[in-house]
Amino acid sequence: MRGRSRPWLQGYNDRSMSHLDELDEFEAELELGLKKEYSAVFGLFRYCVLTQDATYLCNKLDLQYVPQQSYPFFQLKMEDVWVWDKNRPTRIIPRAEVYTSSDVTVEELRGDGDEPTLTPEALDERIGESLASDDDL
């Protein structure tokens, strides 16, 4: 079969490339929407938590270090959580617990008594504007 033409395969390759392009475009649109949502909700949260597997925004965080003989172990309990995951139907959840032996980075976005820089009304307006601009595309 080496060097021989396969006319029956030609149409298949064209269709599969078209589907791959559509899938790539779909994934890119999901990622862009997720980035816009992240920038819109970022100001509502007190902590940004980065693990090897995910990024979380939350307002209450309990981080416990659990020493093990062979590796460190972290237990994170979060409340009022936004999860970076483009495949979730809803990214805001009431609580999340994460157990990991990999690195954990916690950024405090605002102090204990500080109010969020963004109100729910302003968020609604901001998301409405971004959705309107998306329709223009």
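Trp84 is partly exposed because its relative accessible area is 28%, where buried means under 20%, exposed over 50% and partly exposed in between, with a 1.4 Å probe and protein chains only. The model is predicted, so local features need pLDDT of at least 70 and side-chain atom pairs count only at pLDDT 80 or more, while totals for chains, interfaces and linings use all residues. Residues are numbered from 1 along each chain as its sequence is written, and side-chain values use heavy atoms, with hydrogens and water left out.

A search of the whole structure finds six aromatic pairs. Rings of Phe, Tyr and Trp (its six-membered ring) pair if their centres lie within 6.5 Å; planes under 30 degrees apart count as stacked, over 60 as edge-to-face and the rest as tilted. Tyr38 and Trp84 form an edge-to-face pair, because their ring centres are 5.3 Å apart and their planes stand at 75 degrees. This pair links distant parts of the chain, 46 residues apart: Tyr38 belongs to helix α1 (residues 7-41) and Trp84 to the loop between β3 and β4. A tilted pair is formed by Tyr65 and Phe74, with 5.7 Å from centre to centre and 50 degrees between the planes. Phe74 is buried, at a relative accessible area of 18%. Ring pairs also link Tyr38, Phe42, Trp82 and Trp84 into a cluster.

The chain as a whole has two helices and five strands, in the order α-β-β-β-β-β-α along the sequence. Helices (H or I, at least four residues) and strands (E, at least two) are DSSP runs, numbered from the N terminus. The five strands form an open antiparallel sheet in the order β4-β3-β2-β1-β5; two strands pair if DSSP finds at least two bridges between them. At the edges stand β4 (92-100) and β5 (104-108), each with a single partner strand, so one side of each has no neighbour in the sheet. Between β1 and β5, which run antiparallel, there are five bridges, and Tyr47 has Glu108 of β5 as its bridge partner.

Strand β1 (residues 47-51) holds Cys48, which is buried at 2% relative accessibility. Contact means heavy atoms within 4.5 Å. Leaving out residues up to four places away in sequence, Cys48 touches Tyr38, Thr55, Tyr56, Leu57, Thr105, Val106, Glu107 and Leu109. Cys48 and Glu107 are 59 residues apart in sequence, yet their C-alpha atoms are 5.1 Å apart. Thr51 also lies in β1 and is buried, with a relative accessible area of 15%.

A nonpolar core is a set of buried Ala, Val, Leu, Ile, Met, Phe, Trp, Tyr and Cys residues joined through side-chain atoms within 4.5 Å. The largest one has 14 residues, and those with the most contacts inside it are Val49, Tyr56, Cys58, Leu61, Leu76, Met78 and Val81. At least two residues of this core come from each of β1, β2 (55-66), β3 (73-83) and β4. The most is given by β3, with five residues. Apart from this core lies another, of seven residues, among them Leu34, Val41, Leu44 and Leu57.

Buried residues make up 24% of the 137 residues in the chain. Among contacts between residues at least 6 apart in sequence, 54% join residues at least 24 apart.
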